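User: I have a structure open and would like to go through it with you. Can we start with the strands?

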Amino acid sequence: MSADFLYLVEVILNGLMAGVMYSLVALGFVLIFKASGIFNYAQGVMALFAALTLVGIQTGQVPFAHLINAIFGTNVHHFGWQVPTVLAIALTVGVMVLFAIIVERYILHHLVNQEPIILFMATIGLAYFMEGFGDIMWGSQIKTMDVGLPSGGSLWLEEYTQGWAAEGERYYGMYLDKLDMVASLVAIVLVVSLTIFSQYTTTGRALRAVADDHQAALSVGISLRTIWVIVWSIAGFVALVAGIMWGAKSGVQFSLSLIALKALPVLMLGGFTSIPGAIIGGLIIGVGEKLFEYAIGPLIGGATENWFAYVLALMFLVFRPQGLFGEKIIERV
Amino acid sequence: MKLKQLATIALTTLAVSAPVAADLVFPSLSYRTGPYAAGGTPYADGWADYFTMLNARDGGIGGVMTSVPECETGYNTAKGVECYESLKGDGALVFNPLSTGITYQLIPKATADDIPLLTQGYGRTSGANGAIFSHVFNFPANYWAGASRIVNRIKHEAGGDIAGKNIALVYHNSGYGKEPIPTLKALAEKHGFDLTLIPVDHPGQEQKSQWLQIRRERPDNIILYGWGVMNQVALQEAANIRYPMDQMFGIWWSGTENDKLDGMASHGYKAATFHNVGSEYPVYKDIQKHVVDAGLAAGDGSNVGSVLYNRGMYAAMTAATAAATAQDMHGEKNITAGMMRDGLENINMSDAVMAAAGLPKFGPEFTGSCANHGGTGQVGIQQWDGNKQAWKLIGGFESPDNKVIGELIKADSDAYAAENNITPRDC
């Protein structure tokens, strides 16, 4: 095979895996939008907050240490213990559930029957509040996400594929990031679990009922408040998974909240209401932007990925305004 | 009654927050929040702590106390301009915007308001031409000096010849990241190396395409002009593809404790710097005693001695030295911003001055003048030691290719003068 062809395959495979990383973020948006019609602007910040909390708990960091020290003149920063990863993840999930209860109790509960734009504005406020709260609680330093995930390229794959190129061609073997491979597996497990949950459990069916029609769901005794807490909790868990994967790539820092920007074109393309749409949309965006950067990028100065992701999404919107898998909304007059 | 209470609260707040009229005011345009907070916080701490130390130890500058009103920019240009507008009326002597984008916006405003800008190691490089940029001071070094010094170092390590080599510039796709491109193009022509430009979009969280390209093309050296998360991801991706770390050079904004990987993964990575490293300087004892131990530190004290803390403190020391120079020049303790500008233009940052400030040999010696607002452009090289988890200065402060840079500065500043109808000062 020619080295050029192998490089092309490498770009496609890496694009697919980058797409999975985008999908992990997009999933959280879809879950909340599907169940409550809210476009949750705070989803990126939720990923940041979850990752900060996980690392803070894991490393035994004293929450609000800066505030405590400033008020009481103390100098405490760490409890002096390390919490095992699994326990730290479980505790973080607990924190995200608590967060969901607080959001429902103090924000959503007061905004029932308000226009979607009002709810959207509320999530913007929530995002800014959480960012500042996370800063006060855990500090703004960059933290290392160490939950035992692998990093670096797969040496085995590189060596195995090195001989695939035609003789005399410069080829160093196929490069795939081990972290991306793990993220792909996690995404598959997550999507299958969410699908089973929504299709085959009573709560899942209640979620779908609420998504279809709030009034009808209420009339058959489904508690809207409980459903919202469950949905925001699941979205919090998905945010934690996204925070772990992206945090392992770049360290846990406040720019993590900006990963939401990568999810928007995925949502536009895949639809705001479809879990498979978030995955397929992510894959299309991931491959599309990587291929464009590889083939056209060098001709026009590079750094085309962010731009191209939105262009691609807009192109799809022209033909399918509801996205590839979104529900077609027909309003009869 | 309510109105009365509100008015009282408002007046009290104003009285507490506004600096005392007689203070020497050194505003801090900081960013302690947002995606770049990890870099902005230690810098702002260093800037504030140095003035706090001067107040406690020396009773201010020339017997006049200093104050540091802080305004959060979030590294956002629009907010930075708002901060400038809100603070300039409080008697601000100098602004240190800590952002190239904000600096570009403030140059015409600050010039019109007769307030100097101190932009050490960032901002508009051609601001070094004092004949045209009367209120911009970017000594001791600028982006072009950094790029030239890195190329000189690469040349030195290659045995003096880099003709035919391929050097890749991985840069933040912004005004800041693009700054070194003209210099590197000129140097590529002069030395005969190939330059590959690889931009990374803000914020730089996803760089797979860029590093796959680097893995395919295998450049001999990489120069990194990044900031924030872009640096950490770039180093992680470099380690992932097993790029030799000692062939990779960052500019000073890509050479902090934030920009390294755990363990030995980034061992050997090098970066340009315009000041020394570590906390083995007498000034730190004073900061510990008068600021940290006294509970007056801007942060929690954990950043003291880090690269960015040092940089903020060094900028504060430069501003304080210029203020003292202005007091001497004008025979006036309560100087104005215009006098401060004169102080910056006549600054003499000698070894003796740095030693007296408790920072002996901390940076290169430099002087200001009407024409030269950029100093000598001397830059050092530091290297990350994974064993000690610390930066070490491995190449002293050396002058860049001032012939190439001088021509570029002249061309760029002349173009600015023509665009803005500025008549160059007779220096």
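Analyst: Start at one pair: B:Ala168 stands opposite B:Ile222 in E9(B). The model is predicted, so local features need pLDDT of at least 70 and side-chain atom pairs count only at pLDDT 80 or more, while totals for chains, interfaces and linings use all residues. Residues are numbered from 1 along each chain as its sequence is written, and chains are lettered from A and ligands numbered from 1 in the order in which they are written.

User: In which sense do E7(B) and E9(B) pair?

Analyst: Parallel, over five bridges. Two strands pair if DSSP finds at least two bridges between them. Strands (E, at least two residues) and helices (H or I, at least four) are DSSP runs, numbered from the N terminus.

User: How many residues of E9(B) are buried?

Analyst: Five of the five, so E9(B) is largely enclosed by the rest of the structure. Buried means that 20 or more other C-beta atoms, placed from the backbone, lie within 10 Å of the residue's own. B:Asn221, B:Ile223 and B:Tyr225 point one way, B:Ile222 and B:Leu224 the other.

User: What is the strand order in the whole sheet?

Analyst: It is an open sheet of seven strands with mixed pairing, ordered E8-E7-E9-E10-E11-E14-E15 in chain B. E8 and E15 (390-398) are the edge strands, each pairing on one side only.

User: What about E7(B) and E8(B)?

Analyst: They pair in the parallel sense over seven bridges, and B:Leu169 stands opposite B:Leu197 in E8(B). H8(B) packs on the sheet, touching E7, E8 and E9 of chain B. The direction of H8(B) makes about 160 degrees with that of E8(B); axes are lines fitted to C-alpha atoms, for helices over the stretch in contact, and angles run from 0 to 180 degrees between N-to-C directions.

User: Switching topic: how many residues of chain B are in contact with chain A?

Analyst: 32 residues of chain B, against 39 residues of chain A. Contact means C-beta atoms, placed from the backbone, within 7 Å.

User: Which element of chain B gives the largest share?

Analyst: H9(B), with six residues.

User: Last one: what does A:Ala51 touch?

Analyst: Leaving out residues up to four places away in sequence, A:Ala51 touches A:Met145, A:Gly243, A:Ile244, A:Gly247, A:Val252 and A:Leu256.

Conventions: Contact = placed C-beta atoms within 7 Å. Buried ≥ 20, exposed ≤ 12 C-beta atoms within 10 Å, placed from the backbone.
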